[in-house]
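Let's take a walk through this model, strands first, then the RNA, then the pocket. Have the viewer open as you read.

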Amino acid sequence: MSSVRVRFAPSPTGFFHIGSARTALFNWLYARHTGGTFILRIEDTDKERNSEAFLNLIYDSLAWLGLNWDEGPKIGKNGGGDFGPYRQSERSDIYRDYVAKLMNAGRAYEKDGAIWFKLLGERYEVFDEHRKKTVTKVKVPPVVIEDRIRGRVERLEDEDFVIVRSDGNPVFHLVNVVDDIAMQVTHIIRGEDHLSNTSKHVALYEGFGVKPPEFAHIPLILKQNGPGKMSKRDQGALIEEYQRRGYLPEALVNFLCLLGWNPGDDREKMPIDEIVRLFDLPGVNQSNARFDDKKLAHMNMAYLLAQPAEQFVAQAREYFTRCEKLIPVAPEYFRAVMLLCQPKVKGLEELPAYTAYFFTDDFVIDQKVRDKVMAKGEPKARLAELVELAKSADFTSEATMTEALKKLAESKGLGFGDYQAVARLAVTGTNVGPSITGIFHVLGRERTVRRLETCLTGF
RNA sequence: GUCCCCAUCGUCUAGCCCGGUCCAGGACACCACCCUUUCACGGUGAGAACCGGGGUUCGAAUCCCCGUGGGGACGCCA
């Protein structure tokens, strides 16, 4: 195990979204790539907005994405570690000690009931037009941030800032830095929105007399439509939504890592082991990336298509169960239906509607399609021929059905196409779906005959 | 308003660090054609970009400066 220690430090104050997931992912990838340690730390110092439900959502989402943590709150196989507790709400004593250190060193003072971090330098007052008030500034040299992705960044941090609120609770900047020191974090990989906080953090490290860790500020994910970064309120922003809709986590992870990182060549679909092997900080981009749900859907389809048969069936079953669409049928029948449709759908969420007619005779008939099919050729005659065929044909496999239907068409001097549309309408009610002979085979003789006859009778 | 970051097809991006092999490559999306049993998948092809202006250089997508545009931060939120 290398000495690299990275952390993902979410706060349970809202839904877990794409941006957080990618920050977690990049940290996880870096830890796995370097053989280091991935720490999960819960930044729950905002008592007003914390919720246990959001906390559980973080655990669930990370687990679903496969981002296991080595140290952190102990959940299942994850967690534990020598630097706990890993919830900031349980670390008050530690913060108190560190604040005392600053006080003793003359680097913190009390004002208005709060504790402020003290910058070293000559003080002067100035009126801030934007904030409409007079503020005390300190003459200090700019803070230098050596960022692994941005390079050298300079920023002036010239005002004292609050580190402990008047209610006694420490603020983000303080606890973030204290915990990173206490947990011996070596690399801080976080969103670029934190870049301007970093000058405060570097000042605090200096105040504690500790060399800051490596910083790596990754680009932000921009919302698909409209301006600005993606937030939890945006369309498609929530991880739980993808989970609910039956997206494959591998696909989402693969898509996410390509937002702001690339392997340096044209490869896109890669197994996670390969991504771990290739991922490194120099490969991370500097510019923000716009979220594209079409590309994600495509990635999901690619993964679905490549799924081994039994795994796909299991996933389909789980999805049907979860959204209460599972109709009690023989497992072999369910399996046959799913495998017939696997190459046809873009996602698991399409499956229930796409396969509905396999599970009920009372399926919806698309009237537009019906009118169209019935208006062309001699659908009634074809239907009658199909009924006879279905009564006698060999339903053993899709191939035997195809053979039988081809033979019928040939004997009438017609083509496969002359039967396909009307047959499909009769047994499925639509004009889209898998191979019609595949449907016959899966449906079996009894159902096929019944549906063809019903349609014929309905003329 | 101040400060910080960024800038290649509509989108994600390769190329940029180490200037010439780039009249800029791939993927998604879009369009056409092929395959075909409908719809997809797949295959082939088309259209589509170096933000603008200055410099440096024999030569710049690549280096420098300015402008513009995009993003972020300016809380006793995280």
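Which residue in E10 does Val 144 stand opposite? That would be Glu 154. Keep in mind that this is a predicted model, so treat what follows as a reading of a prediction.

**Strands**

Val 144 and Glu 154 face each other within a pair of antiparallel strands, E9 (residues 143-147) and E10 (residues 151-155), joined by five bridges. Three residues sit between E9 and E10, and the two strands form a hairpin. In general, strands of a sheet pair through backbone hydrogen bonds, parallel or antiparallel.

There's also an open sheet of three strands, ordered E5-E6-E11, and its pairing is antiparallel. Its edges are E5 (108-111) and E11 (161-164), each of which pairs on one side only. On average, neighbouring strands here are turned by 45 degrees against each other, if you ignore direction. Zooming in on one pairing, four bridges hold E5 against E6 (residues 114-117), again in the antiparallel sense. Tyr 109 has Trp 116 in E6 as its bridge partner.

**Around the RNA**

Now for RNA strand B. It has 63 residues around it, and the closest are Arg 150, Arg 165, Asn 262, Lys 344 and Gly 433. Among the atoms of RNA strand B that come within 4 Å of the protein, sugar and phosphate make up 68%. Sorted by class, the surface near RNA strand B holds 19 nonpolar, 23 polar and 21 charged residues.

| Residue | Protein atom | RNA strand B atom | Distance |
|---|---|---|---|
| Glu 43 | backbone N or O | sugar or linking oxygen | 3.2 Å |
| Glu 192 | polar side-chain atom | sugar or linking oxygen | 2.7 Å |
| Gly 433 | polar backbone atom | base nitrogen | 2.5 Å |

Which elements give two or more residues to the surface near RNA strand B? They are E10, H4 (172-182), E15 (289-290), H9 (293-305), H16 (417-428) and H17 (436-457). H9 gives the most, with five residues.

**The largest pocket**

What is the volume of the largest pocket? About 1000 Å³. Its lining counts 38 residues, and Ala 9, Ser 11, Ser 20, Asp 193 and His 194 are the closest to the centre. Two or more lining residues come from each of E1 (5-8), H1 (18-34), H4 and E12 (187-191). The largest share belongs to H1, at five residues. By class, the lining divides into 14 nonpolar, 14 polar and 10 charged residues.

One element to click on before you close the viewer is H4: this helix gives residues to the surface near RNA strand B, and it also gives residues to the lining of the largest pocket.

Note on methods:
Residues numbered from 1 in each chain as written. Chains lettered and ligands numbered in written order. Predicted model: local features only at pLDDT ≥ 70, side-chain atom pairs only at ≥ 80, totals over all residues. Heavy atoms only, no water. Pairing = 2+ DSSP bridges. Axes fitted to C-alpha atoms, helices over the stretch in contact; angles between N-to-C directions. Near = heavy atom within 4 Å. Polar contact = N/O pair within 3.5 Å; in protein donor to acceptor, adjacent residues only side chain to side chain. Nonpolar A, V, L, I, M, F, W, Y, C, P; charged D, E, K, R; others polar. 1 Å grid on protein atoms, 1.4 Å probe; cavity = no way out; pocket = protein on both sides within 12 Å on 5 of 7 lines; lining within 4 Å. Points joined across faces, edges and corners; volume = space filled by probe spheres on them.
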